[in-house]
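Hi everyone, thanks for making time today. Let me put the model up on the screen, and then we can walk through a few parts of it together.

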Amino acid sequence: MANKKLLIIGAGMAGLSAGCYAQTNGFDSEIFELHAIPGGLCTSWQRRGYTFDGSIRYLNGASPSSLTHELWRELGLLQDAPIYYYDRFIRFEGRDGRAFTLYTDLDRLQEHMLELSPQDEDVIHEFIEAAKQFRKMEMPLDLTPATPLEAMELGQTMLPILWPALRWRSVPVREFAARFKDPLLREGLPEFFQFSPPDFPMMLLFSVLAMMHDREAGYPIGGSQRLADTLAERYRELGGAIHYRSRVTRILVENDRAVGVEFEDGSERRADVIISAADGHSTLFNLLQGRTLSAAQRTYYRDLPVSKSILQVSLGVAQDFSAETPAVNLPLPEPIYLGNVRHERLVLKHYCFDPTMAPPGHSALSVWCEADYNYWRSMRAHPKHYRAAKDLVAQQVITALEERYPGLAEKVEVVDVATPITYERYTGNWRGAFAGWALGTRKMSMMMTGGMSKTLPDLDNFLMIGQWVEPGGNVELAVASGRDGIKDLCDQEDRDFCTQFPRAGAGA
Ligand SMILES: Cc1cc2nc3c(=O)[nH]c(=O)nc-3n(C[C@H](O)[C@H](O)[C@H](O)COP(=O)(O)OP(=O)(O)OC[C@H]3O[C@@H](n4cnc5c(N)ncnc54)[C@H](O)[C@@H]3O)c2cc1C
């Protein structure tokens, strides 16, 4: 019998992962990608000797000792990538001259917080003890258990952190931080994870702190595009084909079954199963032209907040920032408007811990900040205005950084600005959203109780994967989601799911 033909929309990390597992499990797959390169949001780009990264600051499961690492091992992904583990993740500078540094060693962090605010001793102890409880947390490889046995295994993985998870999943970081008497701790704690929504739950903060403490989360040297290229290469080795510059405009449906896709030029491709690893909104409302959603799906798209639209201003500078904390949250002497959004602070990141990002003695710097999609969309309608608006924000960021790092402005060699329109154009993500859904307390509870629907009620042979159905907005979950999708297909066909890949480099 001929292998079933799968057609995957999108060569982001979820689509590439699904492709690899599809090939290994005896499906015949092809990926169609609108951009000219793989990776989607997991990307970096080169400009005159500098590499600017658009995604990974830390990757879960980097350490071989964590359960999640199995995912990378199966795919042969982190084999040759040295991992950089942060000692200090970010420093939050107060207006009173003091600074609150997020040390990744929890004991060091506790010492530092006590130095800053002995009067908060009780809350600090509670904070550190709770973070340590999450050291027992392991992310399951199978996101959705298909059998009672798998459900039991999942339960066992979660058991050690069941009570801490129930306790902290619905407590927003802001609410907890308000308990500190010290204004620096109160203000700094909610700012450590940039772009987190107002109800960002303590559980997520704790789980990241615990992973960093145990050196389970780190940065893969070479950055995001290297990881995406390696996965794309793996897929090709397994016999898969990626078609770039191939934007899918419609999913073809006949008799309530997905049967193929249509492209911009009107041509079609048929397959047995269609997997969308593309943006959730465009999949449901454009490619499927508003087919009936489940009640739950209607609720998500009506009520759930989406992650923010952002601007990324990147600078290549002839100055060595390696002694600086990898990220610094700086107060500005006066607020500035970048586009039409007011900013009282900027977060500066450098990549000096990765020698592939800039020539020796030079630094690749990035400032990511919240942006208004509608503003940038209206600018884009007039190319001259759009270019001028990008130049202006770059100049404003350089001027603001010059205040803090005198002499920096004249060392700037390369400037690059990405707007929400850039994200939308190159990845198709809804309003340039940088990580799917915003992860608040409600979303957290939903994730812990069954997850989101990946199929439509009256549509066979169709599946969604990626960050819009497996929220968390990270590369590891996107890759796990691709794996999960193929596992579901194997379950439907009543065959074993194979995770034994030929060794990387050994061919299909
Ligand atoms: C600024 C920033 C910081 C981040 N930091 C981290 C981090 O520190 N750690 C971490 O793990 N993750 C981080 N992430 C998140 C991570 O990059 C994403 O969650 C993940 O890459 C999403 O993968 P995906 O495959 O689900 O979706 P996407 O990357 O969006 O992939 C979708 C793919 O589908 C393609 N596509 C869309 N529509 C079509 C169509 N109609 N036809 C053909 N192709 C189509 C797109 O071009 C894209 O390639 C960050 C992201 C950003 C932007």
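Before going on, some housekeeping: residues are numbered from 1 along each chain as its sequence is written. This is a predicted model, where local features need pLDDT of at least 70, side-chain atom pairs count only at pLDDT 80 or more, and totals for chains, interfaces and linings use all residues.

Back to the strands. When I say strand or helix, I mean DSSP runs numbered from the N terminus, with at least two residues of E for a strand and at least four of H or I for a helix. Strands β10 and β11 (residues 257-263) run antiparallel and are joined by 6 bridges; for two strands to count as paired, DSSP has to find at least two bridges between them. Leu 252 stands opposite Gly 260 in β11. The hairpin of β10 and β11 has 2 residues between the strands, and Asn 255 there takes a positive phi near 50°.

Zooming out, we get an open sheet of 3 strands in the order β10-β11-β12, with antiparallel pairing. Its edge strands, each pairing on one side only, are β10 (248-254) and β12 (268-270).

Now for helix α3, residues 106-116: which of its residues are buried? They are Leu 106, Leu 109, Met 113 and Leu 116. These sit on the same side of α3, because they cover an arc of only 80° around the axis, taking the directions from the helix axis to the C-beta atoms. The face turned away from that buried side carries the exposed residues Asp 107 and Glu 115. Buried here means 20 or more other C-beta atoms within 10 Å of a residue's own, exposed means 12 or fewer, and partly exposed is in between, with C-beta atoms placed from the backbone.

Last stop, the ligand. Of the 39 residues around the ligand, Gly 10, Gly 12, Gly 40, Gly 428 and Gly 466 come nearest; a residue is near if its C-beta atom, placed from the backbone, lies within 6 Å. Helices α1 (13-24) and α17 (475-492) are the elements giving two or more residues to that shell.
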